[in-house]
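Please walk through this structure with me, one contact at a time. Keep the model open as you read.

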Amino acid sequence: MKDREKKTFFWRWGRFIFRLRWLVLLLSVVVFLGMGYYARQVPELLKDNGFAPRGSESDVGFTLLQDKLDFPASAITLVYSSDTMNLRSGLSVSAILSSLDNLRKLSYVRSVKVNDTPRLNKNSGLQSVHIELALSKTEALDKYPEIRSKVRPPAGMHVFVDGPTATLYDIQQATKNDLSKSERLGLPIALFVLLLIFGSLLAAVMPLIIGIMSVSVTLGACFFIAQRYSLSNFTPNMVTMVGLAVGIDYALFVVSRFREELVRQRAVSTAVARTCEMAGRSIVFSGFAVLIGMLGLLFINLPVMRSICLGGVLVVLTSVTFSNTLLLALLSIFGHKINRFQIFPALQKKRHNSTLWERIAFSVMKRPVFLVLVISGMLILLMLPIGGMKLAVPTAEVLPPTYESRQGSDLLKETYDAREANPIHIVVHTPGVVWDKQSIRDINDYTNTIRTYPGVHKVRSFITMLGNHPPGVTAAMVSSDPSKRRIEEMRLAKDHTALVVVVPDADPDSASTAGLIRKLRKADTGALQTYVTGASANRVDILDRIDHGLPAMVGFVMAITYMVLFAAFRSIILPLKAVLMNILSLGASLGIVVIVFQKGILANLLNITSVGYVSIVLPVTIFCVVFGISMDYEVFLLSRIKEEYEKTGDNERSTATGLMKTGGLITSAAFILIVVVGSFIFTDIEITKALGVGLFSAIFIDATFIRVIFVPALMKLLGRANWWAPAWSR
């Protein structure tokens, strides 16, 4: 043992923690209490969803609309409904506007006007009012409770507040609810499963302690980061989901190994050192695998990706740190007492003597080709829906129908023409002032050109508003101050800037409209400088950011994961198999997300509102998170197989023994993770639900079909080739 102590860093680290166990415990508690105080305040600080592609053409165009044409940075829409009244009548409209007198008195309310967007139907039981605010998005969110308190519907009507500000406010509330709901659902079930696994109350509680402390400390750190940098309001849910999953997972393997070492070692200090050497080392490599997946998100230049990456990286680092410090300190303090307060002792004895996993491994290795083909075929079948995946930028649809902003959004979409409500905006910059005859001629030529493009339904500008006369006539008409003021009040032109509105033939989120936007951006503009913006253009820019970063992201994650696993196992084949098997489980889980969220299959059973598309950032996020987390089991299983192979040199026996010693633990860990991430399926925010479904599916597939069947089958087929590596790497 002394030789091992001198040679191995993790062995020395375990002994170091044992000697300072009380100090480590004290420092950990201080950090937890300090950070935990700030953790609950994080949702209130996060005032952006992070979807805006900063610096893109749509983003620059929207900024120009605000700076040059005085477009509001924030606005809300009030949606009134009634089952008995005609809300389109003059009497009803007057009553609605009169009810908003108190709202008009607020100093930051710029205008209150009835929504004049063309309608899809003659529904007389619905009316909407557009409120413009002289506030930034952040200021509007801070003032939202005051704004909402001033909105009272007239008798016989209901009112719903919609718009980005209302949606962000509801997401804040939903995030707080989700955090507490996931804890109430997931943690008690996880504790019960841990009791079944360990049969000891002390051993069962420790993984929960690590998971909860990892999440709290990370959210506390996010509080201070959010003081200076904008973080997405989806960050807390991601931190909680990943933190509880990996924190409990890592601690489970450490506690299990420690109890195993206590049987072999006389001294608790030696058991702690040996646990750190084996399980602690595996956790570090596993943590690196998860971090690689998280860091892959940085290749996608979107704020939401950076926020999720930051939260994921911090919580994984915190989980690995606590597992190799605080947890080892607790094990050092409790020592053999870890087995006290026994629960289900008969079950524990039965599980200890079971040879089930060894029998499964040998059974699988008897028919490896057949099982590899069957499982591969099944997973590929689940991957097929990815080919028909429709991506869209979520707005209020991220919330369930019980939230006010979601109800208002649904009513607006049912009543108003989405093409007119979300047209393509083109900001045109002219060399001379827009009122000049040459500028008018240039704009007229440009609009006449784009009017001929396939997919264009209407084109509007200040020229068409004046009657679409020849440039000379239009120039004469705008030479009068009243005409200029009217155009400026309508925000159609001012100084060197004009607005061209293009209404597409197709739905704003369709591939046809995306193609039109790309064509508009390539149009010959002559002396004009143009910026194509609007909600549809924003979606196109997000897609382009994802498409641009995707190859580098996938290459980075796979290449670095391969290198980390190569360093861990000193094998050419094992890391390659791990990456390929991960792709299978990942593809299948993404296919399941498409089936549930886009096609609506099983949506009602899972209390999910199918919106006919998948959130535009979900495939990338699921890829990076799942790719990292699913490596956990690969690392733990192959580490144990390698340990046995180094003792015996027998590939089949090592595989069977490795599965026997880790199969039950991996299955138990997977079940806990399924419970933890599965609890997020029943939260409120649809993106969190989708991540829950994706992780749930990936973990289930990974811990059953991949680890229990695929790994033993391929280990058998490849034989000693599994362990081949160049001489220089050994």
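Start with Arg491 and Glu132, whose side chains meet in a salt bridge, 2.6 Å from N to O. A salt bridge here is a side-chain nitrogen of Lys or Arg within 4 Å of a carboxyl oxygen of Asp or Glu. This pair links distant parts of the chain, 359 residues apart. Arg491 sits in the loop between helix 23 (481-489) and strand 8 (493-494). Glu132 belongs to strand 3 (residues 126-133). Helices (H or I, at least four residues) and strands (E, at least two) are DSSP runs, numbered from the N terminus. Arg491 is buried, with a relative accessible area of 14%. Glu132 is buried too, at 6% relative accessibility. Buried means under 20% relative accessible area, exposed means over 50%, and partly exposed lies in between (1.4 Å probe, protein chains only).

A word on the source: this is a predicted model, in which local features need pLDDT of at least 70, side-chain atom pairs count only at pLDDT 80 or more, and totals for chains, interfaces and linings use all residues. Residues are numbered from 1 along each chain as its sequence is written, and side-chain values use heavy atoms, with hydrogens and water left out.

Now take Glu404 and Arg148. They form a salt bridge, with the closest N and O atoms 2.6 Å apart. This pair also links distant parts of the chain, 256 residues apart. Glu404 is in helix 18 (residues 404-415), and Arg148 is in helix 8 (residues 137-149). Arg148 is partly exposed, with a relative accessible area of 21%.

The structure holds 18 salt bridges. Side chains of opposite charge can pair when their charged atoms come close. Arg264 and Glu260 both lie in helix 11 (residues 235-264), four residues apart, about one turn of the helix. Their side chains meet in a salt bridge, 2.8 Å from N to O. Both are partly exposed: Arg264 has a relative accessible area of 42%, and Glu260 has 23%. The two also belong to a network of salt bridges, which links Arg257, Glu260, Glu261, Arg264, Arg274 and Glu277.

UniProt, in an unreviewed entry, places the feature "domain: SSD" at residues 204-333. UniProt positions are given in the numbering used here, feature names are shortened, and annotations may be inferred rather than shown by experiment. Over residues 204-333 the chain is 85% helix and 0% strand. The end C-alpha atoms of that stretch are 16 Å apart.

Turn to the cysteines. How many disulfides does the structure hold? It holds zero. A disulfide is a pair of cysteine sulfur atoms within 2.5 Å. The closest cysteine sulfur to that of Cys309 is in Cys624, 8.4 Å away, so the two are too far apart for a bond. Cys309 is buried at 4% relative accessibility. Cys624 is buried as well, at 1%.

Phe16, Leu20, Leu23, Leu26, Leu27 and Val30 make a nonpolar surface patch of about 530 Å². Patches are made of residues with over 30% relative accessible area and no salt bridge; like charges are joined within 9 Å, nonpolar side chains (Val, Leu, Ile, Met, Phe, Trp, Tyr) within 5 Å. Accessible areas come from the Shrake-Rupley method with a 1.4 Å probe; for residues, only the protein chains shown count as cover. Helix 3 (residues 21-39) gives the largest share of the patch, four residues. Leu23 is in helix 3, and is partly exposed, with a relative accessible area of 44%.
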